[in-house]
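The structure is shown first.

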Amino acid sequence: MRAHLTVVEHPLVQHKLTMMRDVATPTPEFRRLMQEVSLLLAYEVTRDLKLCKREIDTPLTRMKAPVLDGKKLALISILRAGNGLLDGVLQLIPLARVGFVGLYRDEKTLEPVQYYFKVPDALQDRDVIALDPMLATGNSSVAAIDLLKRAGARRIRFMCLLAAPEGVARMQEAHPDVPIVTAALDEYLNENGYIVPGLGDAGDRIFGTN
Ligand code: URA
């Protein structure tokens, strides 16, 4: 059984994350770093995917070689910041199916409000990776995973860039079966629901809004 929380401490991930945290890092650079880090996180989040054997011919001989088992993976971007992670993961797993869950955070209540939901078919037969860079209060992540489970998903993993202890606890309580992979576990949430030290609003930094 895999740990509920995995922090990827690889030096490349940590170095790139530091550059992303830096307020002086401009949007194009931030986006590029996000794509690179998501590739490295995807390597970790897919570590325990099941393999089966397929017969192939190498130039020298016939062999049974490992390939991913089962239906194609489903990557679910939790809009809009999830799209920042999506590109990198798709580079690594180009055949994955892609879905989107649109939730915005009510700035007063910090509660998630759904505005879009479109996911691949047969979710129950797929390994699902939910993508959201910031696991802050955990409210939107928990709500997104609620929706995915209601749509049939049974094997879900959650990949983020930064997690707050509050969000990890909330996920552990609501979805103990969903392993989380993150680049860092930060200190706390401030009164506005931002992760500290954090990197600010991930969506704004990816898309150059504010
Ligand atoms: N969402 C963000 O984009 N940043 C935070 O710090 C918390 C939630």
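Strands E4 and E5, helix H4 (139-150) and helix H6 (202-207) each supply at least two residues of the lining of the largest pocket. Helices (H or I, at least four residues) and strands (E, at least two) are DSSP runs, numbered from the N terminus. The model is predicted: local features need pLDDT of at least 70, side-chain atom pairs count only at pLDDT 80 or more, and totals for chains, interfaces and linings use all residues. Residues are numbered from 1 along each chain as its sequence is written, and side-chain values use heavy atoms, with hydrogens and water left out.

The volume of the largest pocket is about 550 Å³. A pocket is an open set of points on a 1 Å grid over the protein atoms alone, where a 1.4 Å probe fits, with protein on both sides within 12 Å along at least five of seven lines; lining residues have an atom within 4 Å of a point. The volume is the space filled by probe spheres set on the points, which are joined across faces, edges and corners. Of the 24 lining residues, Ala81, Arg105, Asp132, Ser140 and Asp201 lie nearest the pocket centre. E5 gives the largest share of the lining, three residues.

E4 (residues 74-79) is mostly covered, with six of its six residues buried; buried means under 20% relative accessible area, exposed over 50%, and partly exposed in between (1.4 Å probe, protein chains only). Ala74, Ile76 and Ile78 are buried on one side of E4, and Leu75, Ser77 and Leu79 on the other.

| Strands | Bridges | Bridge partners |
|---|---|---|
| E4 and E5 | six | Ile76 and Gly99 |
| E4 and E7 (residues 127-131) | four | Ala74 and Val128 |
| E8 and E10 (residues 162-163) | two | Leu135 and Ala163 |

A separate description applies to the open sheet of three strands, which has the order E8-E10-E12 and parallel pairing. E8 (134-135) and E12 (184-185) stand at its edges with a single partner strand each, so one side of each has no neighbour in the sheet.

Tyr104 lies in E5 (residues 97-105). Its relative accessible area is 44%, so Tyr104 is partly exposed. Tyr104, Tyr115 and Tyr116 make a nonpolar surface patch of about 340 Å². Patch residues have over 30% relative accessible area and no salt bridge, and nonpolar side chains (Val, Leu, Ile, Met, Phe, Trp, Tyr) are joined within 5 Å, like charges within 9 Å. A salt bridge is a side-chain nitrogen of Lys or Arg within 4 Å of a carboxyl oxygen of Asp or Glu. Accessible areas come from the Shrake-Rupley method with a 1.4 Å probe, and for residues only the protein chains shown count as cover.

Key: Two strands pair if DSSP finds at least two bridges between them.
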